[in-house]
Amino acid sequence: MNINESLWKLREKVRDTSPLVHNITNYVVMNTTANALLAIGASPVMAHAEAEVQDMVQIASSLVINIGTLSPDWVNAMKLALKKANQLNIPVVLDPVGAGATPYRNQVLAELLSAGKFSVIRGNASEIMALVTTGNKTKGVDSTASSENAETAAKFLNKKYGSVICISGAIDYIISKDKLVKISNGHSLMSKVTGMGCTATALIGAFIGTGEDVFDSVVAATAMMGIAGELAAAVSKGPGSLQMNLLDKLHNMTKDEFIRTLRIECQ
Amino acid sequence: MNINESLWKLREKVRDTSPLVHNITNYVVMNTTANALLAIGASPVMAHAEAEVQDMVQIASSLVINIGTLSPDWVNAMKLALKKANQLNIPVVLDPVGAGATPYRNQVLAELLSAGKFSVIRGNASEIMALVTTGNKTKGVDSTASSENAETAAKFLNKKYGSVICISGAIDYIISKDKLVKISNGHSLMSKVTGMGCTATALIGAFIGTGEDVFDSVVAATAMMGIAGELAAAVSKGPGSLQMNLLDKLHNMTKDEFIRTLRIECQ
Amino acid sequence: MNINESLWKLREKVRDTSPLVHNITNYVVMNTTANALLAIGASPVMAHAEAEVQDMVQIASSLVINIGTLSPDWVNAMKLALKKANQLNIPVVLDPVGAGATPYRNQVLAELLSAGKFSVIRGNASEIMALVTTGNKTKGVDSTASSENAETAAKFLNKKYGSVICISGAIDYIISKDKLVKISNGHSLMSKVTGMGCTATALIGAFIGTGEDVFDSVVAATAMMGIAGELAAAVSKGPGSLQMNLLDKLHNMTKDEFIRTLRIECQ
């Protein structure tokens, strides 16, 4: 079985096992990511009350923490859920939305990263690079950052936190201690739809919720997102129809479409 | 006038009177349910601040309480709005999202059910069955629950709280003291779109806001939702297009489509 | 260069400069307005924590304050962001959603209007008329209000607060001390999609974020919204497809479409 076939197997496992993904995420994308998770056959649940996040996460297959529209109560809930997930060996993925944009965002990220362990961290190049300094003090966002520039930052973060790092961009990078995979699917129109990065993170949540190898799961989720976006963009007139077609394609993508569209490089 | 015709009359009354539906609902579906209410000709308003919910509900035709993403402040607002609605004889529908999933959710449901009266409770079979025990202690969600199994639970809840109970599923059940109606419209693809249950609840909010008989209003709203979903699914490629086509169909459904698509059984 | 050409120039400047628009807005429309801003080439950011709004607004080109689903913490954040924006001469647009509906909403509006200066206020006729009295006491919403009736209210508000006033309706009015522009684009189906007014406000945020003349920017944003809605409605079957087609058209509208569709009257 080649790499493309084995990644498709992981996609099928998501549909067959329907992992429950507990999302503590931002207001902007809740509907979008819940729909994306349903489209691939996973089960989303959104819950953020401090009084219930520990109970919710313990019935979940994975936890997604996304700081897009954070506030103090939510941050407390994120920490509680993170610690409980760590205790129970439930994998957690972090989306550091807007890392570097404000001191508060950086402070919260530093607190989260010291409060528990993340199996995966996914962001764009600017966010991943900003994370390197959040343990200390922010130096702001480098909006011209490319995935290539962020590769060194990703290796540093992997070494420091033990997380698989996923950098989204024209080329996506998935990086662990001794592995590097590049995926060059997707379409530029995706940058005109809100929550595409957050959706990639949610899909990672579903794939790591299967209990399969974390690195492979991140690769498969990233491939799925890129291919769905690329195929959807090919039949879309703009960002509105792309958003709709992406959900359709996450749902009805065939093995053949996945295998022949995937552009992957493993190092 | 037969049953189908009389239900369509209720649908026309929603469009003619445009009831103002006050929603205290979850973040995931706010956009979806506001759009569904507008599509059928009702007027949605979303407001959750303790400082204004009593003033908002008193200008509304009905109140929707949905606990999908609850937190303490919102629960307080729900209770205030519920009590004010009861005082003014404004009908209230409860959507017990995730009943049984966490102790906090069950506790909140028990508090709400003792704080006031709900004209209608709508949930899936698992949620309706979980509600039976929330007055005492949770026994968790039975995810394999079917509408048939929940029928006994619904009768118990109707007797205890006086509410019309609506169980959503492949077959929808609407139950009161001496009536039982089954509707078998809809499509399995609807389960791959987030907020379909919440949308059904919102539509019930609009229909009971007309001032017509509550049981008949719940039947009409449930029929409308199932038929719109079924007709939308027939022209959809996946969950993304279903979401769009459902809103279109809620808006442009003809009397003829309603009458000939409805599959209803009255006992 | 005629008026239509000069307005299109402003639209091009939005795409060329991609202003960062900081939104403190309501839960219902966050996804919709973020997508609309991306579709026209602007960069949205949503952030509401008191701990970060001052830092966020200082890297933004403009600030949007929308009270659709307000609560005390959010109101505090709005005031902090407003004051910081005023200090830094960053333009601010206010959307007084539901002005007149509840005493709390009116009180918050009075507080915001005395806490700082808004470059623009945009609402429907009822909201604009309600704002006249919020400095004192509410007299409720006049739901039958037309843009024509609100013209006097707009002139009063412009004189009192110095803001450009935009009244949305079948005919949109843009009013300053000595200017009045009427735009009669759009389509009645837009009233069946939630957040169309909020989207108009967000687009105004993008256009005033270019640093060009505020009045002209409001006219251009209002024209863009009306034309996109009108062209989208012409190819839509209902409110679901209109929502999608509007985003597509905001993205792919050509200069020719803009010039020949615009119906504008300057006094």
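**Close-up views of a three-chain model**

**View 1. Chain A meets chain B.** In this predicted model, 25 residues of chain A are in contact with 23 residues of chain B. Contact means that the C-beta atoms of two residues, placed from the backbone, lie within 7 Å. Four elements of chain A each supply at least two residues to the side that touches chain B: α2 (30-39), β2 (43-46), α3 (53-57) and α10 (239-252). Helices (H or I, at least four residues) and strands (E, at least two) are DSSP runs, numbered from the N terminus. α10(A) gives the most, with seven residues. By class, this side of chain A has 16 nonpolar, six polar and three charged residues. Ala, Val, Leu, Ile, Met, Phe, Trp, Tyr, Cys and Pro count as nonpolar; Asp, Glu, Lys and Arg count as charged; the others, Gly among them, count as polar.

Residues are numbered from 1 along each chain as its sequence is written, and chains are lettered from A and ligands numbered from 1 in the order in which they are written. Local features need pLDDT of at least 70, side-chain atom pairs count only at pLDDT 80 or more, and totals for chains, interfaces and linings use all residues.

**View 2. Helix α10(A) packs with helix α10(B).** Their axes lie 6 Å apart, at an angle of about 135°. That makes α10(A) oblique to α10(B). Axes are lines fitted to C-alpha atoms, for helices over the stretch in contact, and angles run from 0 to 180 degrees between N-to-C directions. Under 35 degrees counts as roughly parallel, over 145 as roughly antiparallel, 65 to 115 as roughly perpendicular, and the rest as oblique. From α10(A) come Met244(A), Asn245(A), Leu246(A), Leu247(A), Asp248(A) and His251(A). They meet Pro239(B), Gly240(B), Ser241(B) and Met244(B) in α10(B). The contact has five nonpolar, four polar and one charged residues.

**View 3. Chain C meets chain A.** Here 25 residues of chain C are in contact with 23 residues of chain A. α10(C) supplies the largest share of the chain C side, seven residues. That side of chain C has 16 nonpolar, six polar and three charged residues.

**View 4. An axis relates chain C to chain A.** A rotation of 120° with 0.0 Å of shift along its axis superposes chain C on chain A, with an RMSD of 0.0 Å. That is the relation of a three-fold axis. In chain C, the C-alpha nearest the axis belongs to Tyr27(C), 3.8 Å from it. Copies are superposed by least squares on the C-alpha atoms of residues with pLDDT of at least 70 in both. Only 12% of the interface residues of chain C are also interface residues in chain A, so the copies meet through different surfaces.
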